[in-house]
Amino acid sequence: MSDIVMSKPNPLITLLTDFGTEDGYVGAMKGVIYGDLPNANVVDISHQIEPFNIRQAAFSLLNYAIYYPANTVHVVVVDPGVGTSRKALIVKTENHYFIGPDNGVFSFIYQILDFSVYEIKKTNFDRKVSHTFHGRDIFAPVAVKILKNQSLKSFAEPTNSYVSFYEQYQRFSENKLRLKVVHVDHFGNLILNFNRQDWKNIGQPTETKLLLDRGFLYGIKETFGDEKEGQVLTLWDSSGYLQIAQNKGNASQLLGMAVGDEIEVEIF
Amino acid sequence: MSDIVMSKPNPLITLLTDFGTEDGYVGAMKGVIYGDLPNANVVDISHQIEPFNIRQAAFSLLNYAIYYPANTVHVVVVDPGVGTSRKALIVKTENHYFIGPDNGVFSFIYQILDFSVYEIKKTNFDRKVSHTFHGRDIFAPVAVKILKNQSLKSFAEPTNSYVSFYEQYQRFSENKLRLKVVHVDHFGNLILNFNRQDWKNIGQPTETKLLLDRGFLYGIKETFGDEKEGQVLTLWDSSGYLQIAQNKGNASQLLGMAVGDEIEVEIF
Amino acid sequence: MSDIVMSKPNPLITLLTDFGTEDGYVGAMKGVIYGDLPNANVVDISHQIEPFNIRQAAFSLLNYAIYYPANTVHVVVVDPGVGTSRKALIVKTENHYFIGPDNGVFSFIYQILDFSVYEIKKTNFDRKVSHTFHGRDIFAPVAVKILKNQSLKSFAEPTNSYVSFYEQYQRFSENKLRLKVVHVDHFGNLILNFNRQDWKNIGQPTETKLLLDRGFLYGIKETFGDEKEGQVLTLWDSSGYLQIAQNKGNASQLLGMAVGDEIEVEIF
């Protein structure tokens, strides 16, 4: 008799934090996970998020989350409000779970995926919950509970209230949009609150004209090299959001633009 | 006939070093481990320990080690004395093994766990041992030998001599203690040589009074927020050691205190 | 009946990039791999290569690659030429596969191992290939294809043309060599284009004399400590290349030497 054993893929948990690694705090979270779920596959995304930079974490999450297989649990701990009354959330999408504080870190996920939100009830934990380290004492154990197929209802309840810093673009006339800078990445690219789906929704206009202080940007390019070195252009970023970039330069510095700045766009 | 196959959890090895990652030295250690033990689960704790900062590594280890499941092997390579006559150790506790140089990096482990110490005999290795890279040539292979259930006796021998920088707190009268700062973490919190077990041992005094240069600190708080922003307080850290912290500030800078400084405490 | 189940080791993929981790780009690559090959073991080497520093990446690769078990796939993405016409390569050696851009990042591998080179054909990918992120859209998927035992021919073709920055040492008379500095590591050690095999090839001369601006270095030492603190010496590095080092110092700064500098050596 032949035994063909297909080993089941290990349950996947990704970690994104602003903890750095050198104090062993991330190490403690991993220990808690492996202690309760020895076959887990814990994937480091980053622990180098700038301390308390929720927007950087939200944008990072947008860049990687969707590439993971079904049932992955994404844990995000960038949590300046730890120990206050901010809620702890589970965001459930068709394929994934997202766990973290309710401070806007899931803002982009709310834009691109269908989702439902649950608030973690801070009861019913075997381990004593500290006031200072929810990553170890709440978020990691909740990830394990989910991957052990415990019912969400046993430790969380649905909620319709959650924080998002994302503001929808505005269409203030037939052929005029107002967009906002929602993130500046570390190359100085300006990410706007407008993605390919939005573009489809308004009929895929072939002609666009961005109005900047110092001139216009026509069209949406395919790649940085579609403009000469030093030139500014508009293109889709690798996650499908519209961005303003400078080929081999820093658009944010060049244009003096930052998060929250608004841009008018004419479409034809 | 039904085949229910429980896959055995993979053997766990954690790595803490001051190597950085960019030269590929940590990569080499991982390669050695996977080469000899293909099913190993190698967990990065940190490779960003400040070069040669044994105290930072010791404190980090305290923060994560105990959360790992039984039979985890913790490898620590912060080793300014590599190539000198410093010993290479295996520290065995009830659940874990710790491997690293004998330079005090296990000081906190010696405080919180029962342990026995073995010196690695630098013989009996298949691989040629370099003079410059014991992480790859000694510590990683020893971790593998342990996880393969090779007898410790075949490559190590018990010793009663080992280095610790930890000095026990002093009780110099019925109601007076003298504590010492043993670590300053990266938030500027001052970690003292006094933990919850010590506190139990002296009868769990409800009233404490720390004497600082500029005043007194009464009581042991639960969380940073128990004092107003900017205030200094005493509380247990997330590993159970007493610390002096400034709420949303840096106690070390504010108080001008550093590792080795002493503090008197009155208890009632 | 007894069931003894030997679980097969998970397929190994190592990652070396200059991406940093905080933008989630490495996270996306890992997601692509786990999505297509759930049992993969993705090993982080480093994502802290200095941006665009091909020589640092090449040297790092030299330090770790050979320690990995057979069939490991090493992915290297330090790729200043992404989106240009630079080729994408698979380098096959006896035991391993190396995947990355054709920019010299495999220069040391070409020196120490037998190899054959394949160019990745940018067709035949399920996923749409972006112009800006080949790590996610080409290199990671190719690693998976290889580990799924897809024929190289289906997505790559042999080539004899590839970039190497490594220049062979010169022997310009019976007892005179000319070596070149090919890398300066982060301790300031000067790595030369001469390894143990080269030394064997010229008959293992027992006496060597390096001619530096300010004097001579005799012999090849075993370890840094073979010279007094502050002294300069010649020794083999932990990967078998000749290096000039200063014991507890920075040879590059002390000697004012950098990549590309030449050194004459007399042998006896």
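# Reading the chains, their contacts and their salt bridges

The contact between chain B and chain A takes 30 residues from chain B and 25 residues from chain A, where contact means heavy atoms within 4.5 Å.

Me: Before we go on, what kind of model is this?

Reply: This is a predicted model, in which local features need pLDDT of at least 70, side-chain atom pairs count only at pLDDT 80 or more, and totals for chains, interfaces and linings use all residues. Residues are numbered from 1 along each chain as its sequence is written, chains are lettered from A and ligands numbered from 1 in the order in which they are written, and side-chain values use heavy atoms, with hydrogens and water left out.

Me: How much area is buried between chain B and chain A?

Reply: Buried area is the accessible area (1.4 Å probe) that two parts lose on being put together, summed over both. Here the value is about 2200 Å², and carbon and sulfur atoms give 52% of it. On the side of chain B, the residues that lose the most area to chain A are B:Tyr67, B:His186 and B:Ser238, together 23% of what that side buries.

Me: And what does the contact between chain C and chain B take?

Reply: That contact takes 30 residues from chain C and 24 residues from chain B. About 2200 Å² is buried between chain C and chain B, with 52% given by carbon and sulfur atoms. C:Tyr67, C:His186 and C:Ser238 supply 23% of the area that chain C buries against chain B, more than any other three residues.

Me: How many salt bridges does the rule find across the interface of chain B and chain A?

Reply: Start with the idea: side chains of opposite charge can pair when their charged atoms come close. The rule for a salt bridge asks for a side-chain nitrogen of Lys or Arg within 4 Å of a carboxyl oxygen of Asp or Glu. Across the interface of chain B and chain A it finds zero salt bridges, and the count between chain C and chain B is zero too. Over all chains, the structure holds 26 salt bridges.

Me: Which side chain does C:Glu264 meet in a salt bridge?

Reply: C:Glu264 pairs with C:Arg178 (3.7 Å, N to O). The pair links distant parts of the chain, with C:Glu264 in strand 15 (residues 262-267) of chain C and C:Arg178 in strand 9 (residues 176-184) of chain C, 86 residues apart. Strands (E, at least two residues) and helices (H or I, at least four) are DSSP runs, numbered from the N terminus.

Me: Is C:Lys180 buried or exposed?

Reply: Buried means under 20% relative accessible area, exposed over 50%, and partly exposed in between (1.4 Å probe, protein chains only). C:Lys180 counts as buried, at 18% relative accessibility. Its salt-bridge partner is C:Glu262 (4.0 Å, N to O), which is partly exposed with a relative accessible area of 48%. In chain A, salt bridges that share partners join A:Glu167, A:Arg178, A:Lys180, A:Glu262 and A:Glu264 into one network.

Me: What about the secondary structure of chain A?

Reply: Chain A comes to six helices and 15 strands. Its C-alpha atoms fill a box of roughly 65 × 55 × 35 Å, taken along the principal axes. Of the 268 residues of chain A, 57% count as buried.
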